[in-house]
Amino acid sequence: MRFINGESPIDLDFSHLVVAGWTGRDQKAIAHHIDELAALGVAPPSATPLYYRVAAATLTTAPRIEVVGTGSSGEVEPMVVQHGARRFLGLGSDHTDRVLEAHSVALSKQVCAKPCAAALWPWEEVEDHLDRLVCESWIFENGSWVAYQAGTLASIRPLAELAAGAGLNVLGIDGPVAMLCGTFGAAGGVRPARRFRMRLSDPDRARAIGHEYETIVLPEVA
């Protein structure tokens, strides 16, 4: 996959992809997200945080993804990339099959592509003010864009702590590794939308990373 690091391209052939879940610092916020998913029939986690392993090939910068059925939805998340000794910050969506999630969270994450932005920021440019970075998402609903999620990284456990918990340095021995780092509650509740827009903003440096993608629904054939 080709990313842009500043003005320079960087080609990464990922060996691993990790999806960190239940990563909130505020236990009330975690409980809120658990309740959101419980309304969809999803069992609570065995521990927090959890590190789900999914196929690296699911990560994509494409503007379209394909899913089976209408029950999937996106989640905006900061994305940590470990490439040798270097670390980067990016933006991704933990697109998840909500119907399958009621049966198995791990499987629900595996069956969906994980869209991400094509830009990365060097870790050293953001590590001293990570908590001030802002993640936002919107869904296209009833003919217009609707605010869906918003929060700062101060709501998520320190990303370096999550990276250590997932063993990114160890996994990175086999090649570049990416990790999606958790999300925020959804305004109006978790729900599907054909189009999803997301942004990671750095107010200290007056810059942002963004990505938008469309979900193509394939028929469910019994």
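Predicted model: local features only at pLDDT ≥ 70, side-chain atom pairs only at ≥ 80, totals over all residues.
Start by selecting D94 and K114: their side chains are joined by a polar contact of 2.7 Å. Here, a polar contact is a pair of N or O atoms within 3.5 Å; within protein, one must be able to donate a hydrogen and the other to accept it, and residues adjacent in sequence count only if both atoms are side-chain atoms.

Residues are numbered from 1 along each chain as its sequence is written, and side-chain values use heavy atoms, leaving out hydrogens and water.

Stay with D94, in the loop between β9 and β10 (96-97). Is D94 buried or exposed? D94 counts as buried, at 1% relative accessibility (buried means under 20% relative accessible area, with a 1.4 Å probe and protein chains only). Its contacts (heavy atoms within 4.5 Å) beyond four places in sequence include V19 and L180.

Select those two next: V19 stands opposite L180 in β15. β3 and β15 pair in the parallel sense over 4 bridges (strands pair if DSSP finds at least two bridges between them; a strand is a DSSP E run of at least two residues, a helix an H or I run of at least four, numbered from the N terminus).

Finally, colour helix α4 (residues 159-166), where L159, L162, A163 and A166 are buried. The buried residues of α4 pack against elements including β3 (16-21) and β15 (177-180).

Notes
Buried < 20%, exposed > 50% of the residue type's maximum accessible area, 1.4 Å probe, protein only.
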